[in-house]
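Have the sequence and the model open side by side. The paragraphs below go through a few places in turn.

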Amino acid sequence: RASLPVVTLPANERRDVVCAAVASRGMLRGQMDETFLIRDEGRMIVAREFLPLLQANGLDSFESVMNRQGGETVRSVPGRSTVRLGLLTPAGDQTGVYLKRYEPAYLSPAHTILRWLHWPGADDEALREWRKILRLRQSGFGTASPVAVGQSRRAGLVRRSFLMTHEIPGGIPADRYFMDHLGHTPLARKWRPQTFAEVVAQ
């Protein structure tokens, strides 16, 4: 059974790496050589097809992604932000990605303790969403293409992370779609989150 390689760092640079966390769940088993690459001493996993795009825009390291300025803010709360970035492809064309970043301020003391305890649902949200995207795509759903995911740990705990996905041309958020098409009709009120989850599960 294939598993991801774990990067071993010198003792004076030792840190936990994201590939070890992904390997433990087997989300990329058998796909690393063909589809994904480990970058930045294991702190990033990049979809091979998007590596030239990231390199062309100076986004091929964890810190360069976390420190990227600009873009159109989609959502922003203390410690978590989502922005749309317009990038230039190596061929000179424009394309868009969505970048979701998590900083230490996003973790409350209680959430930090739960994460230490490996409490269900308290794990890193960036990597959790990455796994969900892969599951959906493996099941045939036309969701966003995963571009990259990254983590930085402190004392073994994920404190900073990001998720980057490729923009879906002409795509709109599901909640906006349902509100635009159903409005406040009785059907819209009946379309509860758990109902949507059941439809996806089928």
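Buried means under 20% relative accessible area, exposed means over 50%, and partly exposed lies in between, computed with a 1.4 Å probe on protein chains only. L88, with a relative accessible area of 40%, is therefore partly exposed.

The model is predicted, so local features need pLDDT of at least 70 and side-chain atom pairs count only at pLDDT 80 or more, whereas totals for chains, interfaces and linings use all residues. Residues are numbered from 1 along each chain as its sequence is written, and side-chain values use heavy atoms, with hydrogens and water left out.

The chain has eight helices and seven strands; these are DSSP runs numbered from the N terminus, H or I of at least four residues for helices and E of at least two for strands. Of the 202 residues in the chain, 37% are buried. Contact means heavy atoms within 4.5 Å. Of the contacts in the chain with a separation of 6 or more, 51% are between residues 24 or more positions apart.

L88 belongs to strand β4, residues 80–88. Leaving out residues up to four places away in sequence, L88 touches L53, A56, N57, D93 and Q94. A56 is 32 residues from L88 in sequence, and their C-alpha atoms are 7.3 Å apart.

Helix α5 covers residues 125–138. Its 14 residues reach 20 Å from first C-alpha to last, close to the 20 Å expected at 1.5 Å a residue, where the expected span is 1.5 Å times one less than the number of residues. Buried in α5 are E125, A126, L127, W130, R131, I133 and L134. Just after the helix, G140 has a positive phi of about 95 degrees.

What does E125 touch, not counting residues up to four places away in sequence? The list is R80, Y102, Y106, H111 and R115. E125 is buried but has no salt bridge, and the nearest side chain of opposite charge, R80, is 4.1 Å away. A salt bridge needs a side-chain nitrogen of Lys or Arg within 4 Å of a carboxyl oxygen of Asp or Glu. Lys and Arg count as positive, Asp and Glu as negative, and His and the chain ends are not counted. The side chains of E125 and Y102 make a polar contact at 3.4 Å.

The largest nonpolar core has 31 residues, of which M44, L54, W130, F162 and M164 touch the most other members. Helix α5 gives the most to this core, with five residues. Such a core is a set of buried Ala, Val, Leu, Ile, Met, Phe, Trp, Tyr and Cys residues joined through side-chain atoms within 4.5 Å.

Conventions. Polar contact = N/O pair within 3.5 Å; in protein donor to acceptor, adjacent residues only side chain to side chain.
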